[in-house]
Structure formats: structure tokens, C-alpha cells
Amino acid sequence: MVEKMMNIAVFASGNGSNAENLIKYFNTNPESRIRVALVVTNRASAGVVERASRLGVPVAHIARDRFADADHVLDQLDRYDIEAIVLAGFLLMIPDYLLHRYPDRIINIHPSLLPRHGGKGMYGANVHRAVVESGDTETGITIHLVNEVYDSGRILFQTSVPVLPIDTPADVESKIHALESLHFPRVVAETLL
């Protein structure tokens with residue numbers, strides 16, 4: 001008996017390195033039961049658009065103001081039979097209608113050890129700079145379920161790396177990217193299957 005493939009959408013606003021990692025992990029593995037069927041971005045110029053297109057994954061550009069239109073967004077997701085959403089550097093607050101449609105099926109990755117350095121405006125370089133400026137001796141990643149408050153959903157996985165006194169925000173970013181690449185797809189798979 002052939003097991004049903006789970007279609008997921010990856011939401012991204014930036015350059016798309018995590019989205020690309022997820023696509024390669026799921027879509028090129030013949031044993032995977034998850035497939036990235038759609039990438040959704042709120043920025044038409046985001047690097048994720050080129051990455052997803054190069055890897056053969058359809059991209060839906062939904063501008064910030066269109067996210068308020070539940071019918072429009074859900075129609076896009078329904079077109080690809082989306083069963084779960086993974087946020088990979090997506091900078092908009094997830095609207096309530098998506099939380100209701102996908103309860104415990106929206107996963108986010110955050111580049112710090114939440115609850116440290118979380119919340120509105122804490123993403124990417126802002127987080128890495130905050131880690132260095134606060135004198136943290138360790139940082140890491142948090143993979144968590146999404147709820148109605150930024151970065152406060154149930155934590156699924158955390159792992160850490162040391163922050164050295166000589167580390168710059170760029171050094172911290174490099175360490176975080178290595179953790180994301182190593183752990184994010186696996187935790188998504190373990191959570192959804």
C-alpha cells in the first residue's frame with residue numbers, strides 16, 4: 001500500500017536558505033512522505049522566489065495586505081492540498097484563520113534560544129546583534145509551533161552553540177545557519193508524521 005504524501009507550504013520573506021534546505025530534504029528524498037508543494041512569500045523580490053523556482057516548486061506571492069483576505073490565501077493553499085505550514089524566515093504575523101485551519105500544524109524556526117531574543121522585530125541580524133550585545137555565552141535555535149503571540153508557541157526542539165567573546169553578529173549567524181541546516185528538516189518531519 002502506498003502511503004499518502006503530505007503536502008506542505010513553506011512561508012518565507014527573505015533569501016530562502018532554510019526554504020531551499022527543506023525543499024532539498026523532502027522533495028529529493030524518494031523515501032520522504034512530505035513534499036514542499038508550495039512556497040508562499042509576501043515579498044515578490046525575495047531571494048526565496050528564485051531558489052524555489054530553480055528547484056521546481058511553485059511560488060505564490062501574497063502581498064502583506066492580501067493576507068487579511070482569508071478566502072484568497074486559503075484558495076492558494078487549497079489549490080496545492082496543503083496540510084501544514086512551515087515558516088522559514090517569514091516576517092508577518094500568522095492570521096487567526098490560518099491558526100484555526102492548521103491547529104498544531106504551523107511550525108516556525110527562530111534563531112535564538114527562546115524566550116531570549118524573541119518577539120516582534122526579533123529576526124535575522126537583529127537577533128544575532130542582540131545576542132552579541134547582551135554578552136550571551138550561548139545561543140542556538142528554537143523550533144516551535146505557532147500560536148497567536150510572536151515566538152511563544154510550544155517548543156518542539158532547541159539546541160545551542162557557544163558564543164565566544166570575540167564573536168561578531170556574522171559569526172553568530174554562521175553558527176546558527178549550521179544548526180538550522182542540520183536540524184530543521186528532521187524536526188519538521190518528526191513533528192508532522
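**Core and helices**

Guide: The largest nonpolar core has 36 residues, and those with the most contacts inside it are Ile8, Leu22, Val36 and Phe184. A nonpolar core is a set of buried Ala, Val, Leu, Ile, Met, Phe, Trp, Tyr and Cys residues joined through side-chain atoms within 4.5 Å. The model is predicted: local features need pLDDT of at least 70, side-chain atom pairs count only at pLDDT 80 or more, and totals for chains, interfaces and linings use all residues. Residues are numbered from 1 along each chain as its sequence is written, and side-chain values use heavy atoms, with hydrogens and water left out.

Visitor: Which helix gives the largest share of this core?

Guide: Helices (H or I, at least four residues) and strands (E, at least two) are DSSP runs, numbered from the N terminus. The largest share of the core amounts to 8 residues, and these come from residues 169–192, helix H6.

Visitor: How many residues does the other core have?

Guide: Another core lies apart from the largest one, with Ala9, Phe67, Tyr102 and Val146 among its members. Its size is 23 residues.

Visitor: Are H1 and H2 roughly parallel or roughly antiparallel to each other?

Guide: Helix H1 (residues 17–27) and helix H2 (residues 47–54) pack with their axes 9 Å apart, at an angle of about 15°. Axes are lines fitted to C-alpha atoms, for helices over the stretch in contact, and angles run from 0 to 180 degrees between N-to-C directions. Angles under 35 degrees count as roughly parallel, over 145 as roughly antiparallel, 65 to 115 as roughly perpendicular and the rest as oblique. H1 and H2 are therefore roughly parallel.

Visitor: Which residues of H2 make the contact with H1?

Guide: Contact means heavy atoms within 4.5 Å. On the H1 side, Ser17, Ala19, Glu20 and Ile23 take part. Their partners on H2 are Val48, Arg51, Ala52 and Arg54.

Visitor: Is Glu20 buried or exposed?

Guide: Glu20 lies in helix H1 and, leaving aside neighbours within four places in sequence, is in contact with Arg51, Arg54 and Leu55. Buried means under 20% relative accessible area, exposed over 50%, partly exposed in between (1.4 Å probe, protein chains only). Because its relative accessibility is 9%, Glu20 counts as buried.

Visitor: What is the relative accessibility of Leu98?

Guide: Leu98 is placed in helix H4 (residues 96–101). Not counting residues up to four places away in sequence, Leu98 touches Phe11, Val73, Leu74, Leu77, Ile85 and Ile106. Leu98 counts as buried, with a relative accessibility of 0%.
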